[in-house]
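Dear colleague,

I am handing over the structure below, and after it you will find an account of what turned up in it. Please read the account with the structure open beside you.

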Amino acid sequence: MNTDITQSERAVVGSILLERKILDTLSSQLDASDFHDQQLGKLYSILVDRNDADLPSDPVTLLPTAKEIFGETASATLGELFSQVPNIGHVTYYANQVI
């Protein structure tokens, strides 16, 4: 798997965790099937669904679902996604790398 794509996918999901309003723009352009990392694609899909239902999405509220996707590493993975976004202002660029 291309490391740049993986980093872009992680940056997209992490950006959404930081600011879910980003989905108002991204969800019409980006689909879960665009993700090369299937686990991140599943998490993206859940984030879209939770946003549509006006539910919060953060490492605490997502943990039960994330455990189904990531197993025992769910908490650490969510924490990494949440804290390792290079620049939330570049999310459109990251998303274009995923597509």
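This is a predicted model: local features need pLDDT of at least 70, side-chain atom pairs count only at pLDDT 80 or more; totals for chains, interfaces and linings use all residues.

Because R10 belongs to helix α1 (residues 3–18) and E80 to helix α5 (residues 74–83), the pair ties together parts that are 70 residues apart in sequence. Helices here are DSSP runs of H or I with at least four residues, numbered from the N terminus. E80 has a relative accessibility of 34% and counts as partly exposed, where buried means under 20% relative accessible area, exposed means over 50%, and partly exposed lies in between (1.4 Å probe, protein chains only).

The search of the whole structure finds two salt bridges, and R20 forms one with D54, their closest N and O atoms being 2.4 Å apart. This pair also links distant parts of the chain, since R20 sits in the loop between α1 and α2 and D54 in the loop between α3 and α4 (59–70), 34 residues apart. R20, at 26% relative accessibility, counts as partly exposed, whereas D54, at 56%, counts as exposed.

Turning to helix α5, its buried residues are A74, T77, L78 and L81. Seen down the helix axis, they fall within an arc of 95°, so they line one face of α5; the arc is that of the directions from the helix axis to the C-beta atoms. These buried residues of α5 pack against α1, α3 and α4, contact meaning heavy atoms within 4.5 Å.

F82 is also placed in helix α5 and, at 33% relative accessibility, counts as partly exposed. Leaving aside residues up to four places away in sequence, F82 touches L17, L18 and P59. F82 and T61 are 21 residues apart in sequence and 13 Å apart in space, C-alpha to C-alpha.

As for confidence, the protein averages a pLDDT of 92, with 98% of the residues scoring at least 70; pLDDT is the predictor's confidence in each residue, from 0 to 100. Confidence is lowest in helix α2 (residues 23–26), at a mean of 89, and highest in helix α3 (residues 38–52), at 95.

Residues are numbered from 1 along each chain as its sequence is written, and side-chain values use heavy atoms, with hydrogens and water left out. Local features need a pLDDT of at least 70 and side-chain atom pairs count only at pLDDT 80 or more, while totals for chains, interfaces and linings use all residues.

With best regards

Technical notes: Helices (H or I, at least four residues) and strands (E, at least two) are DSSP runs, numbered from the N terminus. A salt bridge is a side-chain nitrogen of Lys or Arg within 4 Å of a carboxyl oxygen of Asp or Glu.
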